[in-house]
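Here's a quick tour for anyone meeting this structure for the first time.

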Amino acid sequence: MADADETLPGEIAPLELAASQDMVLAYAELTDDFNPIHVDPAFAAETPFGGPIAHGTMALNLVLVAVERSLGRPVCGLAVRFVKPVPVGATIRAGGRLADAARGTYEVFVETDAGVRALEGTLTVGPAPRAAP
């Protein structure tokens, strides 16, 4: 929860990421998640998605980085749902708006460059870091 005497910004500054095939492969290496739905275009073409999709946690991590850069404080709570998959090749943008200043909650999202929401949720931020005495 945010401190009652502080002012939180009304928005989380947008942050973009190109979910290119190279980025998805690098993310697969980082997370050791080589599910063919992400990394095998021939396999993914035969699925209901019609092609490879980015890892859901890639979108989730983009939200967390956007919050850190905008607010400079930890996340205390996060509840999200993955609304739609992100096709490999799309650019995604994370952002959010202040929902409740007293509680330090933001409505957060990730959407594709086509404006399709991929992730939606509510995030609660912790108090601002205190300077050492």
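This is a predicted model: local features need pLDDT of at least 70, side-chain atom pairs count only at pLDDT 80 or more; totals for chains, interfaces and linings use all residues.

- Five strands make up an open sheet, and their order across it is S1-S3-S4-S5-S2, with antiparallel pairing.
- S1 and S2 (75–82) sit at the edges with a single partner strand each, so one side of each has no neighbour in the sheet.
- On average, neighbouring strands here are turned by 20 degrees against each other, ignoring direction.

**How the strands pair up**

- S1 (residues 11–18) runs antiparallel to S3 (residues 91–100), and six bridges link the two.
- Which residue in S3 is the bridge partner of Leu17? That's Ile92.
- S3 also pairs with S4, again in the antiparallel sense, this time over eight bridges; Arg97 has Glu107 in S4 as its bridge partner.
- S3 and S4 form a hairpin with four residues between them, and Gly104 in the turn has a positive phi of about 70 degrees.

**A closer look at Thr112**

- Thr112 belongs to strand S4, which covers residues 105–112.
- Is Thr112 buried or exposed? Its relative accessibility is 8%, so it counts as buried, the cut-off for that being under 20%.
- Setting aside neighbours within four places in sequence, Thr112 is in contact with Thr91 and Ile92.

**The helices**

- Helix H4 (residues 56–71) lies across S1, S2, S3, S4 and S5, and runs at about 135 degrees to S1.
- Helix H1 (residues 21–31) packs against H4 at an angle of about 90 degrees, their axes being 10 Å apart.
- That angle makes H1 roughly perpendicular to H4.
- Met23, Val24 and Tyr27 from H1 meet Thr57, Met58 and Asn61 from H4.
- By type, the residues of this H1 and H4 contact are four nonpolar, two polar and no charged.
- Helix H3 (residues 41–45) holds Phe43, which counts as partly exposed because its relative accessibility is 40%.
- Not counting residues up to four places away in sequence, Phe43 touches Pro36 and Ile37.
- Phe43 and Phe109 are 66 residues apart along the chain, and their C-alpha atoms are separated by 29 Å.

**Salt bridges**

- The count of salt bridges comes to five.
- One of them joins Glu111 and Arg93, whose closest N and O atoms are 2.1 Å apart.
- Glu111 is in strand S4 and Arg93 in strand S3, so this pair ties together parts that are 18 residues apart in sequence.
- Glu111 counts as buried at 13% relative accessibility, whereas Arg93 is partly exposed with a relative accessible area of 26%.
- Glu111 also meets Arg117 in a salt bridge (3.3 Å, N to O).
- Arg117 in turn forms a salt bridge with Glu120, with the closest N and O atoms 3.7 Å apart.
- Both ends of that pair are partly exposed: Arg117 at 32% relative accessibility and Glu120 with a relative accessible area of 27%.
- Through shared partners, salt bridges join Arg81, Arg93, Glu111, Arg117 and Glu120 into one network.

How values were computed:
Residues are numbered from 1 along each chain as its sequence is written. Side-chain values use heavy atoms; hydrogens and water are left out. Buried means under 20% relative accessible area, exposed over 50%, partly exposed in between (1.4 Å probe, protein chains only). Contact means heavy atoms within 4.5 Å. Two strands pair if DSSP finds at least two bridges between them. Axes are lines fitted to C-alpha atoms, for helices over the stretch in contact, and angles run from 0 to 180 degrees between N-to-C directions. Angles under 35 degrees count as roughly parallel, over 145 as roughly antiparallel, 65 to 115 as roughly perpendicular and the rest as oblique. Ala, Val, Leu, Ile, Met, Phe, Trp, Tyr, Cys and Pro count as nonpolar, Asp, Glu, Lys and Arg as charged, and the others, Gly among them, as polar. A salt bridge is a side-chain nitrogen of Lys or Arg within 4 Å of a carboxyl oxygen of Asp or Glu.
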